[in-house]
Each structure stands twice: as structure tokens, then as C-alpha cells.
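Please keep the structure at hand while reading.

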Amino acid sequence: MKKILSRLFCHETLTTDEAHDLLAGITQGKYNDTQIASLLTVFQMRNITTDEFVGFRQALLDTRVAVCLDAYRPIDIVGTGGDGKNTFNISTCACFVVAGAGYHVAKHGNYGATSVSGASNVLELHGVKYTNSQDRLERSIAECGMAYLHAPLFNPALKSVAPVRKALQIRTVFNLLGPLVNPCLPAYQLLGVADLQQMRLYTDVFQRLGIDFAVVNNLDGYDEISLTDHFKVMTNRYETIYTPSDLGFAMARQDELYGGSTAGEAAQIFDAVLQNRATAAQRDCVLINAAFAIQTIEQAKGIDECMDMARQSLESGKAYATLKKFMEING
């Protein structure tokens with residue numbers, strides 16, 4: 001570690017193999033907390049490279065509790081978090097809309113870190129019990145199109161850095177890695193990021209890994225499409241900046257996407273959206289994210305057609321029926 005830190009302090013970068021071996025050493029307890037904190041600080045002072053990111057990711061995946069859902073070719077819909085906006089559970093709502101439209105979703109999530117309610121918070125309040133059982137996860141995705149992978153049950157290596165991360169009290173490279181270590185290795189991913197630098201990093205990584213993807217960013221700093229300003233979408237096929245009006249939506253106000261002051265309030269908004277009784281801003285925000293997720297799978301379809309499919313899922317009650325079936329299987 002001394003040699004690695006000396007190189008990094010001199011502005012050198014690591015190869016993919018070096019980054020892999022370094023993080024593997026961390027997960028195996030080879031380095032002390034002070035050394036780990038110094039390493040994490042390096043990547044706060046400069047941007048991580050694609051090679052380093054890919055190496056770190058593979059080291060975490062090597063120790064994961066693997067689950068195979070390959071037969072379903074699922075999509076994961078997730079934001080990086082950390083945008084500080086405290087929105088309601090937009091990506092989790094979008095998951096059930098996409099599953100209600102007939103697609104398979106394997107969402108990897110956790111408790112909220114920078115918001116009142118993360119995906120695991122809102123699902124837990126609905127009586128969902130988390131598991132890493134292959135049989136139950138496969139039954140869930142087969143019967144309702146949705147499986148939920150609660151991150152702590154699948155990524156034991158992260159326990160080795162938890163004390164350092166807690167002591168630092170800042171976002172680190174591990175926050176960036178979270179969205180890319182879904183243990184089932186989904187075939188598709190819709191990823192929301194909070195800034196354009198992250199967008200470029202993830203796009204480069206997805207292209208290196210050969211995953212069909214869409215990375216989205218609202219240009220006013222949301223890690224999802226919020227419809228509060230222009231937003232950018234980058235995929236393995238195109239790169240476009242949209243305004244809400246381009247797709248027939250009104251501009252939303254930031255306060256209309258507020259996620260509540262408690263997890264209970266967030267859960268009420270979550271239910272209102274999936275029961276199709278939410279505000280127009282809440283509904284439209286979920287629909288636009290679900291539509292781009294569907295297009296990530298159905299690359300030949302235009303976004304208007306994907307929007308119609310998302311809207312039909314929500315308005316027909318299929319999205320909410322998916323949630324109810326998911327709660328029945330996972331309760």
C-alpha cells in the first residue's frame with residue numbers, strides 16, 4: 001500500500017489489474033483503516049479512471065453472493081444518490097411500472113443515505129423481507145416480473161470498509177461503485193447520475209463492459225429525469241439533450257418532487273404514484289424514467305411508444321398489481 005499511495009500522490013493512475021488487486025487486498029483485511037482512508041481521499045482529489053473503476057468493480061463482484069437470473073435478461077433501474085434533493089422513490093416506482101409493462105426487473109438497492117427513504121426503506125415499510133435465496137428471487141421475477149436484491153445481503157466485502165466510510169462521513173468511490181455491482185449482472189441498466197462528469201465515467205464503463213444502457217442526468221443536478229429542467233440521455237446508440245416539452249411534459253417544480261420528511265411520508269407518495277392518484281408532476285417523473293428504461297430494452301422502439309407502454313402499465317393498474325404480487329411473494 002505504501003508503494004501504491006506514493007504513486008497515486010505523484011498523480012499516477014492504476015491499471016485495471018492493479019486496481020483489482022488493491023481492492024481485493026482491502027476486502028481481505030490486508031490494510032489498516034488509515035491506509036484505506038488515504039486511498040479513498042486520493043479519489044476525492046481527482047477523478048477515477050475507467051481502468052481503475054473497472055478493476056475495483058470486478059474485485060467487489062468476485063466476492064459477491066451470486067444469483068443467476070440470466071434467463072430473464074432483467075434491467076436494473078437505479079440512481080447514484082447523493083444529489084441532495086430528497087425526492088420520493090422515483091426509480092423504485094419506475095421499476096414496478098416497467099415490470100407492469102411486461103418486462104423483468106432486478107433492482108439492486110439499499111437504505112437511504114442522502115435521502116429520507118431509499119428503496120429498501122420504502123419496501124420494508126410494505127412488509128417486504130429481504131433474501132439472497134436464489135429460489136425466492138427467481139420465483140419473484142418469474143411470477144411478478146420484479147426481484148429486489150438488498151445490497152447488504154450480497155456484498156459482504158463492503159463490510160470491510162464500512163467503519164472507514166462512516167468515519168469519513170463523505171461520499172467515496174464506493175458510492176460510485178454501488179450501482180454497478182448488482183450481483184445478478186443484469187443485461188440492461190438505466191442509471192441516473194447527478195453530474196455530467198459521472199455520466200461520462202459510467203458511459204465509458206458500460207461501453208467497456210458491453211452492457212446495454214441508458215445513463216440519464218437532469219442538468220440542474222438530479223440523479224434521475226426530474227422534468228425540472230433540460231435533461232441529458234446517453235446510451236450505447238445515441239446522446240441527446242431534451243427539454244420536458246420535447247416529450248409533451250410540463251416543466252415540474254422542485255418542491256413537487258419532495259420525498260417527505262419521514263420514511264412513512266415517502267411510502268405514502270410511493271403508493272399514490274402506483275395507484276395512479278399522485279400529482280401530475282410525480283406521475284410524469286416516474287413515467288419518463290420508466291419509458292427510457294423500456295427503450296433501453298426495446299431499442300427499436302421510439303420514446304413515444306415506450307412512453308405509451310409505461311402509461312398503460314400505470315393507468316391500467318398493472319403496475320400496482322405488480323407491487324401487490326411482489327409483496328405477497330416477499331412478505
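A residue is called buried when its relative accessible area is under 20%, exposed when that area is over 50%, and partly exposed in between. K325, at 27% relative accessibility, therefore counts as partly exposed. The model examined here is predicted, and a search of the whole structure finds 13 salt bridges.

K325 forms a salt bridge with E143, with the closest N and O atoms 3.9 Å apart. Because K325 belongs to helix 14 (residues 318-330) and E143 to helix 7 (residues 134-144), the pair ties together parts that are 182 residues apart in sequence. Both residues also take part in a network of salt bridges that links R139, E143, K325 and E328.

A second pair joins E18 and R7, whose closest N and O atoms are 3.0 Å apart. This pair links distant parts of the chain, with E18 in helix 2 (residues 16-27) and R7 in helix 1 (residues 2-9), 11 residues apart.

In a further salt bridge, the side chains of E239 and R200 meet at 3.9 Å, N to O. Here a strand is tied to a helix, since E239 lies in strand 7 (residues 239-242) and R200 in helix 10 (residues 196-209), parts that are 39 residues apart in sequence.

The accessibility of the partners is listed below.

| Residue | Relative accessible area | Class |
|---|---|---|
| E18 | 28% | partly exposed |
| R7 | 23% | partly exposed |
| E143 | 41% | partly exposed |
| E239 | 45% | partly exposed |
| R200 | 40% | partly exposed |

Conventions: Residues numbered from 1 in each chain as written. Predicted model: local features only at pLDDT ≥ 70, side-chain atom pairs only at ≥ 80, totals over all residues. Heavy atoms only, no water. Salt bridge = Lys/Arg side-chain N within 4 Å of Asp/Glu carboxyl O. Helix = DSSP H or I, 4+ residues; strand = E, 2+ residues; numbered from the N terminus. Buried < 20%, exposed > 50% of the residue type's maximum accessible area, 1.4 Å probe, protein only.
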